Structure formats: C-alpha cells, structure tokens
Number of protein chains: 2
Amino acid sequence: MFYVAAILICLSVAHTGGTHLLNPRFPRPKGPALKPQYSYDTKYFTQPVDHFSFTRTDTFDQRYLINMKYFEGTGGPIFLYTGNEGDITMFCDNTGFMWDIAPKFKALVVFAEHRYYGESMPYGKDSYKDPEHLGYLTAEQALADFARLITHLKASIPGAADSPVVAFGGSYGGMLAAWFRMKYPSSVIGSLAASAPVWQFEGLTPCGSSYSIITEDFQKGSPGCETYIHKSWDLLTQMGQTAAGREKLSSMFSLCSPLNTTTDVATMSSWLLSTWFNLAMVNYPYPASFLEPLPGWPVKEVCSLITASSNVLEGIAAGAMLYYNYTGQAPCLNIEESAVSSLGDLGWSFQFCSEMAMPSCTDGVHDMFPLQPWNLTTYISQCKSTWKVTPRPYWILQQFGGKNITAASNIIFSNGLLDPWSAGGVMESLSDSLVAITIADGAHHLDLRSSNPADPQSVIEAREQEVQIIREWLQDYYSSL
Amino acid sequence: MFYVAAILICLSVAHTGGTHLLNPRFPRPKGPALKPQYSYDTKYFTQPVDHFSFTRTDTFDQRYLINMKYFEGTGGPIFLYTGNEGDITMFCDNTGFMWDIAPKFKALVVFAEHRYYGESMPYGKDSYKDPEHLGYLTAEQALADFARLITHLKASIPGAADSPVVAFGGSYGGMLAAWFRMKYPSSVIGSLAASAPVWQFEGLTPCGSSYSIITEDFQKGSPGCETYIHKSWDLLTQMGQTAAGREKLSSMFSLCSPLNTTTDVATMSSWLLSTWFNLAMVNYPYPASFLEPLPGWPVKEVCSLITASSNVLEGIAAGAMLYYNYTGQAPCLNIEESAVSSLGDLGWSFQFCSEMAMPSCTDGVHDMFPLQPWNLTTYISQCKSTWKVTPRPYWILQQFGGKNITAASNIIFSNGLLDPWSAGGVMESLSDSLVAITIADGAHHLDLRSSNPADPQSVIEAREQEVQIIREWLQDYYSSL
C-alpha cells in the first residue's frame, strides 16, 4: 500500500499547485442510506482481466449482489445496475427506485460491481500498484464484464434464459448504462441513464457549464448567496497571507490541522470549491446521507447561514460546518477530506487521467468561483507524472460516438435541473426511443432514490414516465418472441 | 523468424494428426487481379497497440491505401474497405466494385489494412513471436483502428470533415464491416458486408452446412462429380497403405514431394479437401485469379475432368491439376500449399484459436467428405498447445450479439448461393435496414469484384440494389444535416 500512499500525496500536491486543474468527482455514497437496508445475496463471477486481447490469461472475481425474491421465473425481467466507481453495496443501498419498482415488474435485481472498486480487484492488493496492473480499469472492459455476467445469469438461473435485461445506472454508472445499450444491445433491451454526463467531454460541452449551474443553485438557495461565495475566494487568499490570518481561519473553520502555509490555504480553497460542488449534487428535498448527513434542501440551509452572517468568511465557515457537521459528530473539519481519500477516489482519478478526460473550468464571471481554466496540455502532463499513463482525451468520443448517437435506441437520459452534471447530459430527446427526461427540482440522480413523502412533483412524474417506458420496452420484447 | 517456422511445423502436425479439426480459411487473394491495377497512395497512421487498456504505450503504423481522384471535397462520401486477414493491396486489387462505383459517388476511396497483416505489424518481425506480442490481434482492436483512422481522415483531408463513411468488406472483412456499423455507428453510416459468415459461430449454424453447399456446387458442376469425390477418400487411403500405392499416387498427382508415409497420405487428403473448399469459393463465372489462375466456372471445368475419367483417383488428379496448374506454370503440385504457408494464414490460425472459433465439420452423409466431427474440447486443447492461448469460443456471440442484432441498422448482408460461407451468413432481411441480398449464381463475394461481361444477371441486380441502398443512406445522411 506504500505506492497508494505515495500517489495520494502526489495528487494532493497536484491539487494545490499553481497549475491546479479542476477534476470534480461524482458523488460516491459513503455509507448506507439513512433508512433502508435492502436484502441480497453476495456472489462472484470470474472474468478475464482483459477481454480484448490474448496477451494474458489472468482472471478475477467480480462481485455482484442479487435478489431473487420478486422474480417468478419464466422469463421475467432482470434489472441490472451497472456499477460505478465505488463499493457496489453503497450504490445498492442508495438506488431505492430499482427496489421500489422490482416487485411490480417481478424483476430479478442485480447490482454488478465495477472492476477495480469495492471487492472486485483484478490483482488483489496489487491492483493499484502500477499501470501494468491498473491499466485494465477502463469503461470498455467494465462493459464487457457486464455482458459476460448477463450471459452467466441467464445460463445459470432457472427461468432466466429468455429474461429481458434492463440496465440502470446513475452518474458514471448512468454513462455505463447508456453505453452498455449502445454497445451491447443484444444484452439489454434498454437503459435508464440517470444524471449521466455522456457529453461532458472535449469539445462537446463548455467546460464551465456545471459551475454556472451550481452558481444558479446557490442563487436560488438564497439570493446573494452566490455573491458571498464569489467574494470569499479573495478574502480567503488575503487573510491566508499572514500567519495571524491563517490562525484565525483555522479557528473560524474549526480545522483539524491548522493552516501553516499559503499552500495550505490554496488547498482549503480547493476544498471549499469541492464542498459547494458536492452540496449542489446532493441538494435533495429531504434529509439524506449520500455524501454527508444533511437536512432537506441543504443548499438553501447552507445559503441561509452564509447570507445571515455580516462577515463573509464567517458565513462561509458556518455553511461548511453545516455540510460537514450537520449531526454534530465531527469534532473538526478536515480540508483533505474532499480530496482523494479512498481507493474509490483514487480509481476515478486514474480513469480521469486515462480515458475519462472530462474538462472542467471556472471563470468567476459566469460562475461564483475563482478563475481556473482547463488546459489540455497541463492535464496530459499532470496525468503522465501522476499515473505514468498518457491520457486519450478524444478516445471516448470515438468509442461512444460523441453527440452522434441517434443510431442507438431505448435509452432514457434523465437529468435534474439542479444537478451540475446535467450540463453534460442529454437534455432533449434525440428520437422516439432516446428519451430525455428533465426533473425541474432534481439534484444528482434524485429519480434513482427511493420514493419519499417530500418528493417534488417533478421527480414523481419522471419516475412514472420511466416506469411507463420500461413497461413498453418489455411489452415490445415479449411481443417479439 | 525461427519461432514462426516452428509454429508452421507445429500446425502442419496438428493438421495431419488423428484428431484433425477442420479450419477452412477464407480465400486471401495471392496476387493482383488479372486485369486492373488501381492507383492509390500508400500512407500510414499511428495506432495504439491496445485501445482498451493502459498497461502499455506501444504504437504501430497502420498502412492504408487512399485514392482522392474522384473526391470533390465538400462532404462527399468516403468509401472505406475494412481490411481482413492479408496484405491490403491484394484486397484493394480484388475489390473492383468499390472502384467501379466510386466515380459515380465522387467518393474518396480508402483501403485500411488489418493489424498483424501485410505491413501493419505492431511489433515488426517480433509480432508473431509469442502471445505477449501477438495477443492484440483481435477483431475488436481492428475495429478500433478503423474508427481512429476515420477520425484522422476527416480531420486531415480538406472537405472531408463532414463526409459520411460507407464501409465495405468481404469475407472476414465483411464481418468486420458489419460489426463496425454495429459497434461504431457514429463512424459509418452503413456497411456492405459481402459474404460475411457472422453467424458461423458455436450454436448459431450447423457446423457442416458449408460442406453441404460445396457438395451441391459440385453436383451442379457435373452430375455425379460429388459421388466421385465421395468415393475418392477411401480409395486414397487404401492406395496410400503401401509404398507402391504411395509411389503411384505421387506420380498420378505429380506431387513435388513423394508420399513417404500414411501421414503424408492423410496430409494429402486434407489438402484435397481444402482444394475443393477453395474451388467452391472462387467458382466465378469468368476467368479470374483470386486464389489461383482459373477458367470461368471452374467447378464445372474440374468436375468435367473428374467425371470424364474411368478411374476415380485419376479423375481427381486431373481436377486438382486444373486447379493448381491451369496456366501450365506449375511443374508439380505441393500438398503443403493449401496448408499454413504464409503469415496471413498464420494470423488467421491464431484468430481461429483465440476468438474466431468458427465450427466446421463433415459427416460424409450430407456432404461428399470424409467424417470429421467438430469437437470443442479438442479445438481448445489443440489451440492451447499450438498458440499458448485459451480460446474464447463464446465471446464473439457476446460481443456482437449472435443472432440478436436487430438493434443495428444500415447493413447489407450479401451472399452468393454457391458460396460455402453463405451457410453462416444472414440470408433473410432482419428489418428494413438490415437487408439480405442473395445472389443465385454467386460464389464468395462475387459482388465485390469489378463488373464483367460474363456477370450473371443475379450479381448485376445485386450490385444495383447495393448502389441504390448506399444512395439512400447518403440521402438520409445529407438530409439530416
């Protein structure tokens, strides 16, 4: 694990250096949802490490979670969650929509873990050792895992041989769900790609769009909130110039480790930026614990604190405190926390540096953030030095068609208008069977969460439409038999 | 090259052993077509050896041939031949159809070489050294090469940025053309897959079907011809039991190397079987030189000689002589010739042993051949011992959908009814845009050859239909802009 630790340090440095590039991460749930624990069996399926060449014969066990309670056999549907960058049990616990509708559809429920996350490590503790071991962490390999797993399930589960499979995924998992239907239409009859920024790639979407959305979210949360945040960056930098200022900031924000240098202050600035990004993603209408335990409509709550303060930085500190310490359990705030802090984040950092080159930038004009341009050359050189890999920033466009995807069919692209990632999503239907659903009051894949009394009408309607479309896919499938 | 030579010997042994498995190869043209030499520039494009992982940074130069004579820029079409298992110049010279229609369409013509063939060697002379070097010889990697090449062409050729691309391919190249449209629909608006046995895989097509078609071909060539051939195998084996018999056979067939053992006789038997398979594939209506220089309707010519003889084996010898020595240039016949004899054949042998597990068998009841069953276990163990790779006999089904391909669009599957490989082809249209065209008097991808005064009406009509469909694809594309 020494190498992993070294990488962590290395990334932190890269984050705080002068040529810092934004690399917002998708939210990965850190723990089970507040309420439910769904029941499932944990199983494993042996996969080749490399599906696309024959240079090696290595295999690994992919974990998947399965629930057969509602499945009545005889060709009933299989609902497959295409796991994203994290422990699959967390996605399982936080994707209540599948659990809510499975009984109606008498569906077999499967959550498939993404290679190199959770327990699905191709080379055990050496998986992250070097590019030789880690290089098989790609979306294409993960999709091939899903295809082989489906064949295995159909072949081994009584009554499932002719079962139609519907894929579900949120965030990067939603991108995988969409791409899975595009690349393996014989494996899945359709996919629900929730909050999937499939167009957040070079040349397809302006790099700053998601930050404009966050800014709007905060403006809506409490008018003027975005102005306070906009002002905070310079104030923070100014106060951070002196030892006395840094001491004051450390105390004001109850930091676990005091700020010792201006580099620490820059790290704090990045941490705050990530905090607001994360907060916008999980701006759910009811108390939830996806990233952190939070109240309902947390952006509004945080903004109330920010705008109520007569001192900008004190307001910001109160807002950060609410985000990180809503339950009162955190004795102090850790500015390293939103940075790379787990294998899940580490894996995504590698994916970002290899094929998931998703440009991100801020300009302080169209958004409330400090200027941080996107620079492809910097990105490539930083990735080379961090991961010893050469990114392929255009490959995803070639592999999955960029904006030219109308040859595909049976994909629902759902996006919440509050979600920063909706900027890179498919926001308008592209054909009768490539359907965009927008959720006015939705943050990041709200529709995939279980139903809640506080659900706004827009997500209720979105889910109804999704169920209706899935029903039509199934009808088409069964009538074609 | 020592290793290559060792493999060649190894394969020959496998071919003549008791557990011999049929592995008919697609015809690869051995030289330029009789008449034309088309003009083109030869270029190279740098490709990653591995598109789907990041374990290495190796690259190689893919060769492609390009003709810009008819292209008038401003978004005119690109006709791309998706190269198969051999030197691309040979496919270029033998795919006259593309050259015939390119002027009408004002098309840019490109022939892209398949990795590990011709000059497109990922590791130079070490490319075939071991699985570590050779393992990147897969269809998926080849398709990715084509996709990246298209992006490069569009980006670098003035007026081609918005050019629609139509893919063409015959035989394995036809399989690639079809799969290319399935997997990369944003790269090509449609594909003509000529004589592409995309369903000649485990469980999709009976393994003996192509041999039944050959038998019918010979029966049509001259009634009773198939009976002579059917009888020949036992006679050959019997005569080959004794030294005197082998001497007589060696003389009768003008063999370059005399038959010394019964193993040699078994090799000769395999050679004859391949000879009839090859002859059926190139049973063109006019003199052609695809595999060997041959007269028009060569099956008929060969069968005339076979049935005219009062002695079965003498008739067979006369038929073989016509096939291998029509021009009178061959001083003797070489029974190793139809076996692995070039890197092209070697490459296909590897592909057959890794992912292109295309079952093949004879039973002597539904065909005129000796009994040779298909045995998956034997296949796997032979491939392991020959190539040190473990075949994935079901992978192509999972990767490309098996018979469940109706989610795809804009593919023409053309097949000649005389062609043995039509057994594994798509013989009926699957939808409005997955169109099957059958050519009653066509052998292996006759439609891809240049027009000829001796063309039967069926191929003339097939080509007209193909041109019409391509025109519709282009119209749809331009009207969507």
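**Salt bridges, helix packing and the chain contact**

A search of the whole structure, a predicted model, finds 20 salt bridges over all chains.

User: What makes the pair B:Arg25 and B:Asp345 a salt bridge?

Analyst: The closest N and O atoms of B:Arg25 and B:Asp345 are 3.3 Å apart. A salt bridge requires a side-chain nitrogen of Lys or Arg within 4 Å of a carboxyl oxygen of Asp or Glu, so the pair qualifies.

User: Where in chain B do B:Arg25 and B:Asp345 lie?

Analyst: The pair links distant parts of the chain, 320 residues apart. B:Arg25 is in the loop between helix H1 (2–16) and strand S1 (41–48) of chain B, while B:Asp345 is in helix H13 (residues 343–354) of chain B.

User: How many salt bridges are counted between chain B and chain A?

Analyst: The count between these two chains is zero. The contact draws 37 residues from chain B and 37 residues from chain A.

User: Which residues of H10(A) and H12(A) meet, and how do they divide by class?

Analyst: From H10(A), A:Trp271, A:Leu272, A:Thr275, A:Trp276, A:Asn278 and A:Leu279 meet A:Ile316, A:Gly319, A:Ala320, A:Tyr323 and A:Tyr324 of H12(A). This contact has eight nonpolar, three polar and no charged residues.

User: Why is H5(B) described as roughly perpendicular to H6(B)?

Analyst: Helix H5 (residues 139–156) and helix H6 (residues 172–183) of chain B pack at an angle of about 65°, with their axes 10 Å apart. The roughly perpendicular class covers 65 to 115 degrees, so H5(B) and H6(B) belong to it. Their crossing is right-handed.

User: What is the class of the residues at the contact of H5(B) with H6(B)?

Analyst: The contact joins B:Ala139, B:Leu143, B:Phe146, B:Ala147 and B:Ile150 in H5(B) to B:Tyr172, B:Leu176, B:Trp179 and B:Phe180 in H6(B). These residues divide into nine nonpolar, no polar and no charged.

User: What makes H8(A) roughly perpendicular to H11(A)?

Analyst: Helix H8 (residues 225–239) and helix H11 (residues 298–308) of chain A pack at an angle of about 65°, with their axes 9 Å apart. That angle places H8(A) roughly perpendicular to H11(A), because the class runs from 65 to 115 degrees. The crossing of these helices is left-handed. A:Cys225, A:Tyr228 and A:Ile229 in H8(A) meet A:Cys303, A:Ile306 and A:Thr307 in H11(A), a contact of five nonpolar, one polar and no charged residues.

Terms used
Residues are numbered from 1 along each chain as its sequence is written. Chains are lettered from A and ligands numbered from 1 in the order in which they are written. This is a predicted model: local features need pLDDT of at least 70, side-chain atom pairs count only at pLDDT 80 or more; totals for chains, interfaces and linings use all residues. Side-chain values use heavy atoms; hydrogens and water are left out. Contact means heavy atoms within 4.5 Å. Helices (H or I, at least four residues) and strands (E, at least two) are DSSP runs, numbered from the N terminus. Ala, Val, Leu, Ile, Met, Phe, Trp, Tyr, Cys and Pro count as nonpolar, Asp, Glu, Lys and Arg as charged, and the others, Gly among them, as polar. Axes are lines fitted to C-alpha atoms, for helices over the stretch in contact, and angles run from 0 to 180 degrees between N-to-C directions. Angles under 35 degrees count as roughly parallel, over 145 as roughly antiparallel, 65 to 115 as roughly perpendicular and the rest as oblique. A crossing is left-handed if the near helix is turned anticlockwise from the far one by less than a right angle, and right-handed if clockwise.
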